[in-house]
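Please look over the chain shown here. The report below covers its helix packing, its strand pairing and some backbone angles.

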Amino acid sequence: MFVLAFLISLIGINGWGWALGDHAAKVWLDKAELETQQITHISLNWMSLFHSELRGVAALFYGSQSITENEFFKGVELMEEIENESVIPLTSVAYVSVMNSNSPNMESKVRYSTDVHGVLSKKGDLRAQPIIAPVLRQALASPSQVVLSPMFIDDYGKLFIAFAFSAANDNQPGVVLSLVNLSDFFADLSVLHVPNGLRLRMVERLPVGEGDREVLVEHLMIGSPDTDDIVETFYYQTRSGNARWDFYWDVEANYQGGINKVLGWVVHVGGTALVLALFSIIGALARQNMLVINQVKTRTHELAEASAALEKSNEELRELANRDSLTNAYNRRYFMAQAESACARSKRYRLPLTLLMLDVDYFKQINDRCGHAFGDAVLLDIVNVCTRELREVDSFGRIGGEEFAMLLPETSLDAAYAVAERLRHKVSELSFNDNGELISVTVSLGVSHLYTNDEDTLNRLLKRADEALYAAKEGGRNRVVVYGEDNSQLT
């Protein structure tokens, strides 16, 4: 009987040792998966931040009619500030004039450039990298977007990608190319975040012709190409702008020192010596321990789900609290908070910031004549026009009954005036049916910008824009008035 109990206990201890070893392997792989998810998220966040901030610079170039060398290098300084914020290694910037853009034999010439290493241009001529011509065409076809090129390699084996956006010069099409060194970016990422034993292979999905055809191009970003001892591979499909990248993380056998099965082997070898005296106690404690662990896991999972649901509800409530119930534009309180932050950022980095105030002309007469439901429909259509025409970085809020405000970061007065005129024109094209009668509406707008000295404030900016709006309405309505540079003139 004792021998039978001994054999049963020995088998149980050995099995427990193997189970603990397998559990250690699972924990090891779970840790690798979590780390690869976090590193992928970090890299995409940095790339998305750079991409988003670059759209603001693109808006400045897009609003200019003639790009001088001085304006080009001011734009380069803004891009370098964005580079410092997002740790993206911006290598060089070039402005390319494009001739015969609609012809298969499109010609291009570099007018201004910081490309001292000749990755994009040599002696004033755009280098014949295979990816350059399609990227120029794509940027010209999408004037309000920042497009990404496929990855390409320079003469020194470095991997690059180009961000491109259109910028006309004296009515001649042009494109600004911002060159990013992906090799240096992922090298820094590897040093700062990636432990030994992880290898990253990035696969580009490049469209071929029409339809859903694609060609896959693989690049080794982190790790050695000669690694054969791969235990597991984690795959994440990502997208940044028009670029589609698949992240393949290979987990090598030496990751974090290898799978730690020491605990299982200790129990496997030492259990034989201890089984005669302790097998019953160990079995009971093990069962109790597993019961407690399972109970803790179950409760932790329940609490995590409850916490996530609560956080989601709170986020929805916060969003509702920040929105106007009729138009879904930001309410006055939240818009003012956004504006305060934008003013502080504008002063800190010496970046332009403009404010548009919009008022619906004769809105009270529309309400009195057609009813409040009709007036609400008018406001909703005007808000939809503004939302479509503004950028994602712009803030749009309802600050009164028929009065709205728009905050345009990194936008000059001339560019803001163009936006205001476009909004005024779009609204004037709207038509509303009131019992068979077509009714059109107009709006008046006032424009002002923040002076980046320490003395200017948000309240003063609002006051100037409001005075410009008042001048627009006094001047006959359905017009745009810009507050003058001397704080008193209206233009």
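Contact here means heavy atoms within 4.5 Å. Helices (H or I, at least four residues) and strands (E, at least two) are DSSP runs, numbered from the N terminus. The model is predicted, so to speak of local features takes pLDDT of at least 70, side-chain atom pairs count only at pLDDT 80 or more, and totals for chains, interfaces and linings use all residues. Residues are numbered from 1 along each chain as its sequence is written, and side-chain values use heavy atoms, with hydrogens and water left out.

**Overall**

The chain has 10 helices and 19 strands. Of its 491 residues, 42% are buried. Buried means under 20% relative accessible area, exposed over 50%, and partly exposed in between (1.4 Å probe, protein chains only). Among contacts with a separation of 6 or more, 63% are between residues 24 or more positions apart.

**Helix H10 and its cover**

H10 has 17 residues. Its first and last C-alpha atoms are 24 Å apart, close to the 24 Å expected at 1.5 Å a residue. That expected span is 1.5 Å times one less than the number of residues. Buried residues of H10 include Leu458, Leu461, Leu462, Arg464 and Lys473. What covers the buried residues of H10? The cover includes H6, strand E13 (353-360), strand E15 (403-409), strand E18 (443-449) and strand E19 (480-482).

**Helix pairs**

Two packed helices are described by the angle between their axes and the distance between the axes. Axes are lines fitted to C-alpha atoms, for helices over the stretch in contact, and angles run from 0 to 180 degrees between N-to-C directions.

| Helix pair | Crossing angle | Axis distance |
|---|---|---|
| H6 (332-349) and H10 (458-474) | roughly 110 degrees | within 10 Å |
| H7 (363-370) and H8 (372-389) | about 135 degrees | 7 Å |

H6 and H10 are therefore roughly perpendicular to each other. Met336, Ala339, Glu340 and Cys343 of H6 meet Leu458, Leu461 and Leu462 of H10. By class, this contact has six nonpolar, no polar and one charged residues.

The angle between H7 and H8 makes H7 oblique to H8. Angles under 35 degrees count as roughly parallel, over 145 as roughly antiparallel, 65 to 115 as roughly perpendicular and the rest as oblique. Phe363, Ile366, Asn367 and Cys370 of H7 touch His372, Phe374, Gly375 and Leu379 of H8. Here the classes are five nonpolar, three polar and no charged residues. Ala, Val, Leu, Ile, Met, Phe, Trp, Tyr, Cys and Pro count as nonpolar, Asp, Glu, Lys and Arg as charged, and the others, Gly among them, as polar.

**Strand E9**

Eight of the 10 residues of E9 (198-207) are buried, so E9 is largely enclosed by the rest of the structure. Two strands pair if DSSP finds at least two bridges between them. E9 runs antiparallel to E12 (243-252), with seven bridges. Val203 stands opposite Asp246 in E12. E9 is also antiparallel to E10 (214-222), through eight bridges. Leu216 in E10 is the bridge partner of Arg205.

**Positive phi**

Most residues other than glycine have a negative phi. Tyr362 has a positive phi near 55 degrees. Tyr362 lies in the loop between E13 and H7, and is partly exposed at 44% relative accessibility. Gly476 follows H10, with a positive phi near 120 degrees. Arg477 is not a glycine, yet has a positive phi of about 65 degrees. Arg477 sits in the loop between H10 and E19, where it is partly exposed with a relative accessible area of 25%.
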